[in-house]
Amino acid sequence: MQVRIDRRMFLVGAAALAGAALWPWPATGQQRDSMKLILLGTGGGPRPRKTSSAPAQVILINDTAYVVDCGDGVARQLVFAGVPLPRLRHVFLTHHHSDHNADYGNLILLAWTAGLRTRVDAWGPPPLEKMTQQFFEMNAYDIATRTADEGRVPLAPLVHVHELSQGGPVMQDQNVKVSSALVNHPPVIPAFGYRFDASDRSIVISGDTTPSDNLIKLAQGADVLVHDALYVPGINRLVAGVPNATSLKQSIMSHHTSVEDAGRVAQAAGVKTLVLSHLVPAEDPAVTDQMWIDAARVHFRGTVIVGKDLLEI
Ligand SMILES: [Zn+2]
């Protein structure tokens, strides 16, 4: 099945907006509904856990759902959050690690089984087009059966994939404008953070990254920054007993941001609220919310929220 890549639309948009230091928003000055953020999954890492889902967020504006990252269980988490799946309109992937993309295809497929009949645009790094095509191939039997047997619209033509390889303007519609920055998450290249500017406030999702100057620029003056966070003393307990403890610890430490540095990034960006998410460790009772908050406040003087699944911000 063919998946259309609309690079031209992205390039035209990027060219039109290049050089604009500030985008006036909303362009019409109309009053619009407020932008809501719901954390769908706040634990870092792909291993399924009892107490927190894998990373995912949804931003809701005027009943339109913009999903950022698709960790395991994202469709069910949207149901728990009370978001009708047919409201899905855009999917943004920060990078291709399985805790962020394992349910990318499943989200679209399951939204379709729940009644989705309208266009979905998917944005993220290559090979997003190939992944989408292969997902549809893998599920071709079910899709064809339900299309014929249940009278559903064909799924593949609804999905429009846009591969992103550099930071900058991503898309804009009547609700929001979305921009991105390349962040540093070796060895995964590219990896993005995304910024959503609506009429009432601005929200930035860091994705996975080490402390990033590009992200500080992207998040300048934002109302909310959702940032990847490690509680470093908890890492030793996390890896204790696994055969590859040394390399696993080294990997975690070199690809992410300590909670203290997340506070430093938030302070440098001048954001109002820092939301700690992609928490590692995710379910260590010895690491309390107050410990996360105290560590973030070493460098950050705004509001700190420790991310919880289904928390609305
Ligand atoms: Zn990652």
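These notebook entries record what I looked up in a predicted model: its sheet, its zinc site and its cavity.

**Conventions.** I number residues from 1 along each chain as its sequence is written, and I use heavy atoms for side-chain values, leaving out hydrogens and water. As the model is predicted, local features need pLDDT of at least 70 and side-chain atom pairs count only at pLDDT 80 or more, whereas totals for chains, interfaces and linings use all residues.

**Entry 1, sheet.** I looked up the strand order and found an open sheet of 7 strands, β8-β9-β10-β11-β12-β13-β14, with mixed pairing. The edge strands are β8 (168–172) and β14 (303–306), each of which pairs on one side only. From one strand to the next, the twist averages 25°; axes are lines fitted to C-alpha atoms, and angles run from 0 to 180 degrees between N-to-C directions. Strands (E, at least two residues) and helices (H or I, at least four residues) are DSSP runs numbered from the N terminus, and two strands pair if DSSP finds at least two bridges between them.

Strands β11 (residues 202–205) and β12 (residues 224–230) run parallel and are joined by 3 bridges. I205 has V226 of β12 as its bridge partner.

I noted H95 (NE2), H97 (ND1), H185 (NE2) and D208 (OD) coordinating the zinc ion at 2.1 to 2.3 Å. Donors are N, O and S atoms within 2.8 Å of the metal (3.2 Å for Na, K and Ca), and sites may look incomplete because water is not among the atoms. The spacing of the donor residues in sequence is H-x1-H-x87-H-x22-D.

H95 counts as buried at 0% relative accessibility, and D208 counts as buried at 2%.

I searched the whole structure and found 1 cavity of 30 Å³ or more. A cavity is a set of points on a 1 Å grid where a 1.4 Å probe fits but cannot get out, and lining residues have an atom within 4 Å of a point. The largest cavity has a volume of about 80 Å³. Of its 13 lining residues, Q57, I205, S206, G207 and H278 are the closest to its centre. Strand β12 gives the largest share of the lining, 3 residues, and β12 and β13 (273–280) each supply at least two residues.

How values were computed:
Buried < 20%, exposed > 50% of the residue type's maximum accessible area, 1.4 Å probe, protein only. 1 Å grid on protein atoms, 1.4 Å probe; cavity = no way out; pocket = protein on both sides within 12 Å on 5 of 7 lines; lining within 4 Å. Points joined across faces, edges and corners; volume = space filled by probe spheres on them.
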